[in-house]
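Subject: Structure handover

Hello,

Here is the structure I promised to pass on. My notes on it follow below the entry.

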Amino acid sequence: MDKLRLRFEKTGKAAYISHLDLLHVVQRAFLRAGTPLKYSEGFNPHAIISICVPLSVGMESLCELMDFRVTREIDLAALPGELNAVSPEGIRFIECYEPQRKAAEIKWLRCEGVYEYDALAPEISELDAFYRRGSIPVTRRTKRGEGVLELAGNVRDFELERCEAGVRLGCTVSAQEPAVNPELLVKALAQLAPELGPDFASWKRLGFYGSDMTAFR
Amino acid sequence: MDKRLRRILPTVQKPARYTGGEYNEIVKDKASVKLRMAFCFPDVYEIGMSNLGMRILYGCINEVPEYACERVFAPWGDMAEAMRRENIPLYALESGDPVSEFDVIGFSLGYEMAYPTVLDMLDMAGIPLRSSERTGLTPLVFAGGTSMCNPEPMAPFMDLMAIGEGEELDIELLRLFEKARDAGWSKAEFLREAASIPGIYVPSLYEPVYKADGTLAELRPLPGAPETVTKRIVADLDKSYFPTKPIVPSTEIVHDRVNVELFRGCVRGCRFCQAGYAYRPIRARSPETVISQGIESIRNTGCQEATLLSLSSSDYRYLSEACDGLLEYCEPRSVSLSLPSLRADNFSMELMSRLQKVRRGGLTFAPEAGTQRLRDVINKNVTEEELLNTCRIAFEGGWNGIKLYFMLGLPTETDEDVLGIAGLADKVLHTWRKYSPNRQRGVRITVSTSCFIPKPHSPFQWEAQVSMDEYRRRVNLLRGAITARSIQYNWHDASTSFVEAVLSRGDRRVADAIECAHKMGARMEAWSDYFDFKRWLAAFDAAGIDPAFYASRERAEDEVLPWCRVSMGVKAGLLLRERHRAYEARLSPDCRAQCSACGALELLPEGVKCDG
Ligand code: SF4
């Protein structure tokens, strides 16, 4: 046993911790808990921690996965509790196990968005029709400049319902290759059907799946 | 979380600085506490959270079970704009509650350029800026911190100032405030009573009277006001509160590490240095306390870097002992230990080598002046030989970068002194050529100069600052004299130092200029991103004050100074003696060689010795 995986939540205030800062936050929590983390060799040793699919700032998650290594046998069942006792608000560890599959095998991500409308929310059917279009090309900025991503086929299983703030939307997005940030669903509205766009949307990740749609562990 | 806030956070840079929720944050139930204080730091989170003083007082006040102390920082420009647009008032991180709902609002003022930010924060909180406009007892608005050793430029805005170290003073103040509030005292009644707490300066109880030439005739104490307010200190650092469970930021800050404080005060007596005089007498922590507080803090935070803090680490008597004890814990856990403000001597170098086993980055020294004559004038007791010897050891030990800090515009400085800086840098380069075992790697020598700013309560408090043009001329002179490619020269901007000089030694009339600057949009003026000299000139103009009167004028030795009602424990006679010796380029012994009977000993309880 040396490679391990932790599942944890990142909600509330912790949603605003950036990806890079999170690695630092988690590393310190490990140190406070006395976990025997394994460090890289070399000039500037750092803990070997990797977040399977990085999360954008401001988005919540109930299903974050993190791989790390330890130098000796530890009590897997006890670790989440030990870490939770020394973690900042909003970071909550759920389970620790030896992973069977590589993070690269993650394909789908179930998430939930809440679309807030300050005035009247559009009809559910209108939003539903939009997301069922055969082609939803959305322009986005990437590291390599501006590019167009086709959402159709990369987002599926929509569930829409009314809620107090406006509309609650469940959907499954492609998590890797291509990585579809659910925020693009709102961007698509702004670009292609601005009249349906919400005043604000918040997102939460619910779970990762493999290409066969089985829950990814 | 507030809905409006939730909407703007994803749109601003580094939103984690605005949420709180970090590990070790102290959150209390507001229904079960008797008093809530908003501790405001007039700069961004990354700066404020790096400030040890703020961390000490935050923890110290929260040690009182019935008091809740929360943190407030100034938002960066994008966030400030968004908050104003969305009508979100300034709020405290722990509860998210508006600052205006707190009983007491305390500002930590460590540098003068933050003054406009204080007004901006009050404004963002929806609190009237001037004490006279806040007629009720709550919220009480006060300030502490080193800059308050001259409280007058902020006098109209503050209900009172806490002078000196706050660990005991702040609690006494809060106790009195609690009593006043519960008994329904008026603000005037409370302030009069507060003025009798040693260390509390109530500006409304002093009335400035000016002469025709604009200087002060007197700062008249009104009934109930003490003649002099003497700063408070903590006598025994081993018994005083120290935060060993500090907040661990969830986002990057400037100094993200565990701080261990070695001692307060400085034995050296550099004549330009306000801290060296204002923080006397010298009080040390025992090495046992240093070690145990260090280990405890590392354990409680998970930080992998610890720093031993003081004004001059090499002067801590038990430095080896403390380092050994800490290294024993740190080394096997890969926690690095760093020691800033070391002197340029052999002992320090050996220590540095032991601490920094892996990383050999840059070394920093502050000779402050380029010639021995001028170093004697300022009582900076370091010789060229010592400095070069240290450099030799460093270069031999594999260091390949050295930063040298100097001031231009020190009293009596001549062109020869300015050129001496270039000469010294050349000699450092020469030393590298001669002793570096690995010359292919090259060397980087950085020379930085700032413009000297005379500060209250230092022996140079009467001096004129050189004009901006003259500073620039000296910068150019030095630029021309630095020719080697491996010596890089950076100079600090003249206009910032000029404004800082006005604010540092200003009187109550300067407050109007600070308010004008604020009204014209000044905030975060310590940041070059925001500093706007033209706006300052317009503000001085609008307030009808001549900045040169404050920055560039030499004060007569018998002039009534705006900070005359505040005593830092050091006798004015000693400051004058030091000033006169400066003009004779005559050194004064450091406190270890011989006590100069500066007066600060009287701040300690009877029988306790100054660790000078
Ligand atoms: S009392 Fe003496 S030793 Fe102590 S700070 Fe003053 S001069 Fe130095």
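Are B:Phe549 and B:Tyr550 buried or exposed? Both B:Phe549 and B:Tyr550 are buried. Please keep in mind that this is a predicted model.

**Aromatic rings**

The search of the whole structure gives 19 aromatic pairs over all chains. One of them is B:Phe41 with B:Tyr111, an edge-to-face pair at 6.5 Å centre to centre and 65° between the planes. This pair links distant parts of the chain, 70 residues apart. B:Phe41 belongs to strand S1 (residues 35-41) of chain B. B:Tyr111 sits in the loop between strand S3 (104-108) and helix H5 (115-124). B:Phe41 is buried, at 3% relative accessible area. B:Tyr111 is partly exposed, at 26%.

B:Phe549 and B:Tyr550 also form an edge-to-face pair. Their centres are 5.0 Å apart, with 85° between the planes. In chain A, ring pairs join A:Phe130, A:Tyr131 and A:Phe158 into a cluster.

Two arginines lie over tyrosine faces in chain B. B:Arg71 is over B:Tyr58, at 5.7 Å from the ring centre. B:Arg280 is over B:Tyr277, at 4.4 Å from the ring centre.

**Around B:Arg280 and the ligand**

B:Arg280 turns up again in the shell around the ligand. By class, the shell has 6 nonpolar, 2 polar and 1 charged.

The peptide bond from B:Arg280 to B:Pro281 is cis, with omega near -5°. B:Pro281 lies in the loop between helix H8 (274-278) and strand S12 (283-284) of chain B.

**Cysteines**

How many disulfides does the search of the whole structure find? It finds 0 disulfides over all chains. Take B:Cys391: the closest cysteine sulfur, in B:Cys270, is 18 Å from its own, so the two are too far apart for a bond. B:Cys391 is buried, at 0% relative accessibility. B:Cys564 is in no disulfide either, and the nearest cysteine sulfur, that of B:Cys149, is 13 Å away. B:Cys564 is partly exposed, with a relative accessible area of 34%.

**Helix H18 of chain B**

Helix H18 covers residues 533-543 of chain B. Its buried residues are B:Phe533, B:Arg535, B:Trp536, B:Ala539, B:Phe540 and B:Ala543. Seen down the axis of H18(B), the buried residues fall within an arc of 155°, so they line one face of the helix. The face turned away from that buried side carries the exposed residues B:Lys534, B:Asp541 and B:Ala542.

**Backbone**

Most residues other than glycine have a negative phi, and most peptide bonds are trans. B:Pro139 is in the loop between H5 and S4 of chain B.

B:Asn87 is not a glycine, yet has a positive phi of about 60°. B:Asn87 is in the loop between helix H4 (77-85) and S3 of chain B. It counts as exposed, at 60% relative accessibility. B:Met524 also has a positive phi, about 50°, and is not a glycine. B:Met524 lies in the loop between helix H17 (510-519) and H18 of chain B. It is buried, at 1% relative accessible area.

**Two buried loop residues**

B:Pro153 is in the loop between strand S4 (140-144) and strand S5 (160-162) of chain B. B:Pro153 is buried, with a relative accessible area of 0%. Its C-alpha atom is separated by 4.8 Å from that of B:Ala511, 358 residues apart along the chain.

B:Ser312 is in the loop between strand S13 (305-309) and helix H10 (319-330) of chain B. B:Ser312 is buried, with a relative accessible area of 4%. B:Ser312 and B:Ala464 are 152 residues apart in sequence and 27 Å apart in space, C-alpha to C-alpha.

**Chain A overall**

Chain A has 4 helices and 10 strands. From the N terminus on, the order is β-α-β-β-α-β-β-α-β-β-β-β-α-β. The C-alpha trace of chain A spans about 55 × 35 × 35 Å along its principal axes. Of the 217 residues in chain A, 48% are buried.

Best wishes

Methods:
Residues are numbered from 1 along each chain as its sequence is written. Chains are lettered from A and ligands numbered from 1 in the order in which they are written. This is a predicted model: local features need pLDDT of at least 70, side-chain atom pairs count only at pLDDT 80 or more; totals for chains, interfaces and linings use all residues. Side-chain values use heavy atoms; hydrogens and water are left out. Rings of Phe, Tyr and Trp (its six-membered ring) pair if their centres lie within 6.5 Å; planes under 30 degrees apart count as stacked, over 60 as edge-to-face and the rest as tilted. Buried means under 20% relative accessible area, exposed over 50%, partly exposed in between (1.4 Å probe, protein chains only). A charge sits over a ring if NZ of Lys or CZ of Arg is within 6 Å of the ring centre and within 35 degrees of the ring normal. A disulfide is a pair of cysteine sulfur atoms within 2.5 Å. A residue is near a molecule or strand if one of its heavy atoms lies within 4 Å of it. Ala, Val, Leu, Ile, Met, Phe, Trp, Tyr, Cys and Pro count as nonpolar, Asp, Glu, Lys and Arg as charged, and the others, Gly among them, as polar. The arc is that of the directions from the helix axis to the C-beta atoms.
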